[in-house]
Amino acid sequence: MKIAPDGELLIGGDGVVKGYYKDADKTADTFRDGWLHTGDKGEIDADGCLKITGRVKEIFKTAKGKYVAPLRIESMMQENPYVEQICVMGMGLPQPVAVIVMAEGAIETQGAAQVQANLTKTFTSVNARLESHEKLSHIVVAKDPWTVENGLLTPTLKTKRGLLEKKYGDMIEKPQSAIVVME
(Lines give C-alpha, C1' and ligand atoms only; values in the text may rest on other atoms or scores of the structure.)
Protein backbone atom coordinates (compact mmCIF):
# COMPACT_ATOMS: atom_id res chain seq x y z
CA MET A 1 0.00 0.00 0.00
CA LYS A 2 1.04 3.59 -0.52
CA ILE A 3 -0.40 7.07 -0.33
CA ALA A 4 -0.70 9.00 -3.61
CA PRO A 5 0.37 12.66 -3.76
CA ASP A 6 -3.30 13.70 -3.40
CA GLY A 7 -3.61 11.58 -0.22
CA GLU A 8 -5.55 8.68 -1.76
CA LEU A 9 -4.82 5.19 -0.47
CA LEU A 10 -3.46 2.90 -3.21
CA ILE A 11 -3.27 -0.89 -2.86
CA GLY A 12 -1.22 -3.25 -5.01
CA GLY A 13 0.08 -6.82 -4.99
CA ASP A 14 -0.75 -10.38 -5.90
CA GLY A 15 -3.72 -10.55 -3.51
CA VAL A 16 -5.51 -7.60 -5.12
CA VAL A 17 -8.14 -8.19 -7.78
CA LYS A 18 -7.02 -7.06 -11.25
CA GLY A 19 -10.27 -5.45 -12.37
CA TYR A 20 -14.04 -5.48 -12.56
CA TYR A 21 -15.78 -8.38 -14.28
CA LYS A 22 -16.85 -7.32 -17.79
CA ASP A 23 -16.50 -3.61 -16.98
CA ALA A 24 -13.46 -2.24 -18.77
CA ASP A 25 -14.39 1.42 -18.10
CA LYS A 26 -14.67 0.99 -14.34
CA THR A 27 -11.47 -1.10 -14.33
CA ALA A 28 -9.59 1.64 -16.22
CA ASP A 29 -10.90 4.27 -13.80
CA THR A 30 -10.07 2.31 -10.64
CA PHE A 31 -6.85 0.46 -11.56
CA ARG A 32 -3.95 2.55 -12.83
CA ASP A 33 -0.28 1.63 -13.16
CA GLY A 34 -0.83 -1.60 -11.22
CA TRP A 35 -2.48 0.13 -8.24
CA LEU A 36 -6.07 -0.09 -6.98
CA HIS A 37 -7.28 3.45 -6.28
CA THR A 38 -9.49 2.88 -3.23
CA GLY A 39 -11.17 6.29 -3.03
CA ASP A 40 -10.12 6.50 0.61
CA LYS A 41 -7.91 9.29 1.92
CA GLY A 42 -5.28 8.07 4.31
CA GLU A 43 -1.98 8.62 6.00
CA ILE A 44 0.73 6.32 7.28
CA ASP A 45 2.13 7.19 10.70
CA ALA A 46 5.72 6.88 11.93
CA ASP A 47 5.08 3.27 13.02
CA GLY A 48 3.85 2.32 9.54
CA CYS A 49 0.21 2.08 10.60
CA LEU A 50 -2.48 3.21 8.19
CA LYS A 51 -5.14 5.69 9.27
CA ILE A 52 -8.15 6.34 7.01
CA THR A 53 -8.92 10.06 7.15
CA GLY A 54 -11.85 10.39 4.74
CA ARG A 55 -13.09 9.79 1.23
CA VAL A 56 -11.67 11.46 -1.85
CA LYS A 57 -15.19 12.29 -3.11
CA GLU A 58 -16.15 14.00 0.15
CA ILE A 59 -13.42 16.60 -0.16
CA PHE A 60 -14.72 19.97 -1.33
CA LYS A 61 -13.18 23.21 -2.52
CA THR A 62 -14.08 26.47 -0.82
CA ALA A 63 -14.58 29.79 -2.62
CA LYS A 64 -10.96 30.54 -1.72
CA GLY A 65 -9.84 27.61 -3.89
CA LYS A 66 -8.64 25.53 -0.94
CA TYR A 67 -9.61 21.89 -0.42
CA VAL A 68 -11.19 20.73 2.83
CA ALA A 69 -11.52 17.13 4.07
CA PRO A 70 -14.66 17.21 6.24
CA LEU A 71 -14.18 13.90 8.08
CA ARG A 72 -11.31 15.22 10.20
CA ILE A 73 -13.31 18.28 11.27
CA GLU A 74 -16.40 16.16 11.92
CA SER A 75 -14.36 13.83 14.15
CA MET A 76 -13.07 16.79 16.16
CA MET A 77 -16.57 18.20 16.61
CA GLN A 78 -17.84 14.81 17.79
CA GLU A 79 -15.53 15.02 20.78
CA ASN A 80 -18.43 17.04 22.21
CA PRO A 81 -20.86 14.54 23.79
CA TYR A 82 -23.85 16.68 22.79
CA VAL A 83 -23.10 16.23 19.07
CA GLU A 84 -24.95 13.17 17.79
CA GLN A 85 -24.72 13.73 14.01
CA ILE A 86 -22.60 16.14 11.99
CA CYS A 87 -21.98 17.14 8.41
CA VAL A 88 -19.33 19.71 7.50
CA MET A 89 -19.99 21.34 4.15
CA GLY A 90 -18.83 24.38 2.27
CA MET A 91 -18.32 23.80 -1.44
CA GLY A 92 -18.02 27.27 -2.94
CA LEU A 93 -18.37 29.02 0.43
CA PRO A 94 -15.66 31.23 1.94
CA GLN A 95 -15.39 28.93 4.99
CA PRO A 96 -16.85 25.52 5.91
CA VAL A 97 -19.98 25.25 8.06
CA ALA A 98 -20.96 22.46 10.45
CA VAL A 99 -24.57 21.30 10.59
CA ILE A 100 -25.20 19.18 13.65
CA VAL A 101 -27.96 17.20 15.30
CA MET A 102 -27.83 17.28 19.08
CA ALA A 103 -27.93 14.16 21.23
CA GLU A 104 -31.48 13.33 22.22
CA GLY A 105 -32.61 15.33 25.24
CA ALA A 106 -29.47 17.52 25.42
CA ILE A 107 -31.31 20.83 25.10
CA GLU A 108 -34.17 19.73 27.37
CA THR A 109 -31.88 18.52 30.15
CA GLN A 110 -29.10 21.12 29.88
CA GLY A 111 -31.00 24.13 28.59
CA ALA A 112 -30.39 25.97 25.33
CA ALA A 113 -27.99 28.51 26.90
CA GLN A 114 -25.78 25.79 28.41
CA VAL A 115 -25.74 23.78 25.18
CA GLN A 116 -24.90 26.90 23.16
CA ALA A 117 -22.05 27.76 25.56
CA ASN A 118 -20.76 24.19 25.34
CA LEU A 119 -20.90 24.22 21.52
CA THR A 120 -19.20 27.61 21.44
CA LYS A 121 -16.36 26.18 23.51
CA THR A 122 -16.05 23.19 21.13
CA PHE A 123 -16.24 25.50 18.10
CA THR A 124 -13.38 27.63 19.46
CA SER A 125 -11.30 24.58 20.40
CA VAL A 126 -11.76 22.88 17.02
CA ASN A 127 -11.03 26.04 15.03
CA ALA A 128 -7.81 26.55 17.03
CA ARG A 129 -6.58 23.18 15.69
CA LEU A 130 -7.47 23.82 12.03
CA GLU A 131 -5.67 25.61 9.22
CA SER A 132 -7.16 28.99 8.31
CA HIS A 133 -9.04 27.70 5.23
CA GLU A 134 -10.56 24.83 7.27
CA LYS A 135 -11.90 26.94 10.15
CA LEU A 136 -15.67 26.75 10.58
CA SER A 137 -17.58 29.97 10.02
CA HIS A 138 -20.54 28.85 12.14
CA ILE A 139 -22.57 25.93 13.41
CA VAL A 140 -26.18 25.23 12.48
CA VAL A 141 -28.13 23.06 14.91
CA ALA A 142 -30.72 21.00 13.02
CA LYS A 143 -34.10 20.47 14.63
CA ASP A 144 -34.74 16.92 13.43
CA PRO A 145 -32.37 13.93 13.36
CA TRP A 146 -31.21 12.50 10.04
CA THR A 147 -32.62 9.03 9.39
CA VAL A 148 -32.96 6.47 6.63
CA GLU A 149 -36.72 7.08 6.76
CA ASN A 150 -36.47 10.82 6.04
CA GLY A 151 -33.94 10.11 3.28
CA LEU A 152 -30.98 11.93 4.84
CA LEU A 153 -29.03 8.74 5.64
CA THR A 154 -28.19 5.78 3.42
CA PRO A 155 -29.20 2.28 4.55
CA THR A 156 -25.63 1.93 5.87
CA LEU A 157 -26.19 5.12 7.95
CA LYS A 158 -23.91 7.41 5.95
CA THR A 159 -25.04 11.01 5.57
CA LYS A 160 -26.30 12.08 2.17
CA ARG A 161 -24.14 15.16 1.97
CA GLY A 162 -25.76 16.53 -1.20
CA LEU A 163 -29.27 16.33 0.25
CA LEU A 164 -28.14 17.96 3.49
CA GLU A 165 -26.54 20.80 1.51
CA LYS A 166 -29.88 21.37 -0.25
CA LYS A 167 -31.93 21.12 2.93
CA TYR A 168 -29.78 23.55 4.92
CA GLY A 169 -28.56 25.68 2.00
CA ASP A 170 -30.07 28.93 3.26
CA MET A 171 -28.62 28.43 6.74
CA ILE A 172 -25.11 27.58 5.56
CA GLU A 173 -24.76 30.10 2.73
CA LYS A 174 -25.69 33.34 4.45
CA PRO A 175 -23.10 34.76 6.82
CA GLN A 176 -24.10 34.28 10.43
CA SER A 177 -23.32 36.62 13.26
CA ALA A 178 -23.78 33.92 15.87
CA ILE A 179 -21.50 30.96 16.27
CA VAL A 180 -24.38 28.59 16.94
CA VAL A 181 -27.65 28.96 15.05
CA MET A 182 -30.55 26.97 16.43
CA GLU A 183 -32.74 26.03 13.48
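These questions and answers go through a predicted model of one protein.

Student: How do you know which part of the protein has the lowest confidence, and which the highest?

Tutor: Compare the mean pLDDT values: strand β11 (residues 180–182) is lowest at 73, and strand β8 (residues 83–89) is highest at 95. The protein as a whole averages 89, and 97% of the residues score at least 70.

Student: Why is K22 called exposed?

Tutor: Exposed means over 50% relative accessible area. K22 has 73% relative accessibility, so K22 counts as exposed. K22 lies in the loop between β2 (8–11) and α1 (24–30).

Student: What makes the phi of K22 worth a remark?

Tutor: Most residues other than glycine have a negative phi. The phi of K22 is near 55°, a positive value, and K22 is not a glycine.

Student: Where is D33, the other residue to look at?

Tutor: D33 sits in the loop between β3 (31–32) and β4 (35–44). Its phi is positive, near 55°.

Student: What is the volume of the largest pocket, and which residues are closest to its centre?

Tutor: The volume of the largest pocket is about 420 Å³. Its lining has 16 residues, and E58, L157, K158, T159 and R161 are the closest to the centre. At least two lining residues come from each of α2 (70–77) and β8.

Student: What makes up the lining by class?

Tutor: The lining of the largest pocket has seven charged, five nonpolar and four polar residues.

Conventions. Residues are numbered from 1 along each chain as its sequence is written. This is a predicted model: local features need pLDDT of at least 70, side-chain atom pairs count only at pLDDT 80 or more; totals for chains, interfaces and linings use all residues. Side-chain values use heavy atoms; hydrogens and water are left out. pLDDT is the predictor's confidence in each residue, from 0 to 100. Helices (H or I, at least four residues) and strands (E, at least two) are DSSP runs, numbered from the N terminus. Buried means under 20% relative accessible area, exposed over 50%, partly exposed in between (1.4 Å probe, protein chains only). On a 1 Å grid over the protein atoms alone, a cavity is a set of points where a 1.4 Å probe fits but cannot get out, and a pocket is an open set with protein on both sides within 12 Å along at least five of seven lines; lining residues have an atom within 4 Å of a point. Grid points are joined across faces, edges and corners, and a volume is the space filled by probe spheres set on the points. Ala, Val, Leu, Ile, Met, Phe, Trp, Tyr, Cys and Pro count as nonpolar, Asp, Glu, Lys and Arg as charged, and the others, Gly among them, as polar.
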